[in-house]
Amino acid sequence: MLYFNVIIYIIIFISGTASSLTSDEIKAVQYLKKYGYFDGQSDTAPCNFDKVILENALKVFQSIAGLSVTGALDEATLNIINGHRCGMKDFGKYYNVHDVDMGSITWSKKNVTFAVTKYPSYLRADVTDDILMKAFGFMSKHINMIFTNVLYAPDIEIQFVKSIKRNNYTSFDEGSHVTAVSTVPGILGKIYINDEIEWSVKNKKGFSLFRTAVHQIGHILGLGHGNFTSIMSPFVGIQHEFNELKSSDDALNILQTAYESLPKKSSLCSAKSIDTIFFTRSYQYLYVFIDKYFWKMDSNRDKIEFPKLISEKWKELIGPVDAGYQDENGWTYIFMGTHMWKYFGNNLEDGYPMKINEVFSNGPEEVFSD
Ligand SMILES: [Zn+2]
């Protein structure tokens, strides 16, 4: 009889422990476990999880998500857990929120190339290229690095896929709410963007491809996740529209420490070389381009704009510029990497940038292929 009672007690104890977590709480444990919130608890089955440990992890999660820090699994917390997010962990081997050791995982070169090697099914290839160029340019505005779009053998490869399985850090399944994942910085990088998502070309709330690309480029450069005000916030639904990295964003300071700020504006006279130079129509003005800056001079060679960031005049361009000219009708053509931009004044013509080999389809391959 005593033996029977002990068995009953064990059954009650086990079932009592198992039912102490609700199905939502078990879901929360699985989610937090996946994104690295339980140090040393990874072997505990979700249904046997200690409520206090879950509560503490929820507090950290809520703080990162900008929610009320209660430790309770309330509706707002569940909404974020059920929402879309970046697939990289919030804590783990490479990245920790606000604790990114970038010293050992940065790119050692300043010129890094990129290419989309698998385009999305939902967006046109040229639109996709344009958004990604803007996203790389966005990062490039703040650090001493240059990103160039190439056709072959890129340093950073971008693929739109419905699922990817590489390792614990770089994977997502079909039907998941993961927007994208990336590899860590190094010799070669890969960004996998979820092709099941209908990406928006607008930089607004929702599934903005631009914002997701900037975030993943942050990972490729070595950034971990930041809180809800940062471009490195892992959550999609609560991100705000942004056009510039805010000086209050930790991501900016960490990037500039790791990769240095933009080089100081140099003197045109002391420059070792220039990237390109051209006259406007009727030889009215002369433009000189070096790295991310340009100088504009009048016919007396007096500098009237000196030096300015190229992106201040032509906001779609970062530099360095490979070549440029202005025709007799006042159209300005700028060549960078594999693409050509066509401007009238500061305004980019619809449909541009275009791939150089599409504009000049009969051009010599050695000139226009890369
Ligand atoms: Zn991320």
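## Contacts of Gly71

Two residues are in contact if their C-beta atoms, placed from the backbone, lie within 7 Å. In this predicted model, and leaving aside its neighbours within four places in sequence, Gly71 is in contact with Glu55, Asn56, Leu58 and Lys59. Gly71 itself lies in the loop between helix 3 and helix 4 (75-82).

Gly71 counts as partly exposed because it has 18 C-beta neighbours inside 10 Å, a number between the limit of 12 or fewer for exposed residues and that of 20 or more for buried ones.

## Overall architecture

The chain has 370 residues, of which 35% count as buried. Its secondary structure consists of 10 helices and 16 strands. Among the contacts in the chain with a separation of 6 or more, 56% are made by residues 24 or more positions apart.

## Packing of helix 2 and helix 3

Two packed helices are described by the angle between their axes and the distance between the axes. For helix 2 (residues 23-34) and helix 3 (residues 51-65), the axes come within 11 Å and cross at roughly 60°. The crossing of this pair is left-handed.

Helix 2 contributes Glu25, Ala28, Val29 and Leu32 to the contact, and these meet Leu54, Ala57, Leu58 and Phe61 of helix 3. By class, the contact of helix 2 with helix 3 comprises seven nonpolar residues, one charged residue and no polar residues. Leu58 of helix 3, which takes part in this contact, is also one of the residues in contact with Gly71.

Helix 5 is mostly covered, with 12 of its 16 residues buried. The buried residues include Asp129 and Asp130 as well as Ile131, Leu132, Met133, Phe136 and Phe138. The elements that cover the buried residues of helix 5 include strand 1 (111-118), strand 2, strand 3 and helix 6 (209-221).

Ala153 is a residue other than glycine with a positive phi, near 45°. Ala153 is placed in the loop between strand 2 (146-149) and strand 3 (156-161), and both of these strands are among the elements covering helix 5. Ala153 counts as exposed because it has 10 C-beta neighbours inside 10 Å, within the limit of 12 or fewer.

Asp291, also not a glycine, has a positive phi near 55°. Asp291 is in the loop between strand 9 (286-290) and strand 10 (293-297). Strand 9 and strand 10 run antiparallel and are joined by five bridges; within this pairing, Tyr287 has Lys296 in strand 10 as its bridge partner. The hairpin of these strands has two residues between them, and the positive phi of Asp291 falls in this hairpin. Asp291 is buried because 22 other C-beta atoms lie within 10 Å, which meets the cut-off of 20 or more.

## A cis peptide bond

Tyr352 and Pro353 are joined by a cis peptide bond, with omega about 10°. Pro353 is found in the loop between strand 15 (347-348) and strand 16 (354-355).

Note on methods
Residues are numbered from 1 along each chain as its sequence is written. This is a predicted model: local features need pLDDT of at least 70, side-chain atom pairs count only at pLDDT 80 or more; totals for chains, interfaces and linings use all residues. Axes are lines fitted to C-alpha atoms, for helices over the stretch in contact, and angles run from 0 to 180 degrees between N-to-C directions. Helices (H or I, at least four residues) and strands (E, at least two) are DSSP runs, numbered from the N terminus. A crossing is left-handed if the near helix is turned anticlockwise from the far one by less than a right angle, and right-handed if clockwise. Ala, Val, Leu, Ile, Met, Phe, Trp, Tyr, Cys and Pro count as nonpolar, Asp, Glu, Lys and Arg as charged, and the others, Gly among them, as polar. Two strands pair if DSSP finds at least two bridges between them.
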